[in-house]
Amino acid sequence: MTLEELVDQFARNVAAQTDAIRRGDAKTGNRHAKQYIAALQQLRAYGDAGREALAVLLTHPRTDIRAMAAGFLLRYRTAEAKAVLEAAAKEGGVGALDAIMTLRHWENGTWALDPE
């Protein structure tokens with residue numbers, strides 16, 4: 001798969017997971033989570049090129065996709081990722097709690113979503 005296809009797979013599955021959660025369908029949500037995590041692992045195998053590819057999602061129209069990408073890009077694109085997460089935390093909704101917790105883990109030094 002190309003980097004662009006992996007980024008698309010990540011975004012599609014984040015959106016599908018959010019939609020499943022909103023419907024109360026945890027089983028489907030978990031299936032989509034496994035798929036976006038698989039795409040993320042493949043992107044990581046490309047190192048910084050994979051992170052750069054994922055960074056295009058920091059401006060995605062959907063907040064959940066922006067925030068999920070930001071959570072994984074905090075170490076690599078700190079200022080941009082924090083801004084996205086702070087905005088998502090203020091918006092409320094499904095992603096707000098995740099954004100708040102990701103920022104909290106970042107600030108207290110326990111964040112570990114993208115090991116070096």
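On a 1 Å grid over the protein atoms alone, a cavity is a set of points where a 1.4 Å probe fits but cannot get out, while a pocket is an open set with protein on both sides within 12 Å along at least five of seven lines; a residue counts as lining if it has an atom within 4 Å of a point. Grid points are joined across faces, edges and corners, and a volume is the space filled by probe spheres set on the points. The structure here is a predicted model, where local features need pLDDT of at least 70 and side-chain atom pairs count only at pLDDT 80 or more, though totals for chains, interfaces and linings use all residues. Residues are numbered from 1 along each chain as its sequence is written, and side-chain values use heavy atoms, with hydrogens and water left out.

So what does a search of the whole structure find? It turns up one cavity of 30 Å³ or more. The largest cavity has a volume of about 50 Å³, and its lining is made of L40, L43, R44, G50, R51, L54, F72, L73 and D114. Helix 2, helix 3 and helix 4 each put at least two residues into that lining. (Helices, H or I of at least four residues, and strands, E of at least two, are DSSP runs numbered from the N terminus.)

Now for the open kind: the largest pocket comes in at about 240 Å³. It is lined by 17 residues, and the closest to its centre are Y36, D64, A67, M68 and D98. Helix 1, helix 4 and helix 6 (94-107) are the elements giving two or more residues to this lining.

## The annotated stretch

The UniProt record, an unreviewed entry, has the annotation "domain: DUF2019" over residues 4-105. UniProt positions are given in the numbering used here, feature names are shortened, and annotations may be inferred rather than shown by experiment. Over residues 4-105, the chain is 83% helix and 0% strand, with the end C-alpha atoms 29 Å apart.

Helix 2 covers residues 26-45, which makes 20 residues, and it reaches 29 Å from its first C-alpha to its last, close to the 28 Å expected at 1.5 Å a residue. (The expected span is 1.5 Å times one less than the number of residues.) Its buried residues are T28, G29, H32, A33, Y36, A39, L40 and L43. Look down the axis of helix 2 and these buried residues fall within an arc of 140°, so they line one face of the helix. Buried means under 20% relative accessible area, exposed means over 50%, and partly exposed is in between (1.4 Å probe, protein chains only); the arc is that of the directions from the helix axis to the C-beta atoms.

Turned away from the buried side of helix 2 is a face with the exposed residues K27, K34, Q41 and A45. The cover over the buried residues includes helix 1 (3-23), helix 3 (48-55) and helix 4 (63-73). Just after helix 2, G47 takes a positive phi of about 65°.

The C-alpha atoms of Q17 and A33 are separated by 6.2 Å, although the two are 16 residues apart along the chain. Q17 is buried, at 12% relative accessible area.

H32, in helix 2, counts as buried too, at 13% relative accessibility. Neighbours within four places in sequence aside, H32 is in contact with N13, A16 and Q17. T18 sits in helix 1 and is buried at 6% relative accessible area; not counting residues up to four places away in sequence, it touches R62, D64 and V94.

## Helix 4 and helix 5

Helix 4 is mostly covered, with ten of its eleven residues buried. What covers them includes helix 1, helix 2, helix 3, helix 5 (78-91) and helix 6.

In helix 5, the buried residues are A81, V84, L85 and A88. Seen down the axis of helix 5, they fall within an arc of 95°, so they line one face of the helix. The face turned away carries the exposed residues A79 and K90, while helix 4 and helix 6 are among what covers the buried ones. Just after helix 5, G92 takes a positive phi of about 80°.

How values were computed. Contact = heavy atoms within 4.5 Å.
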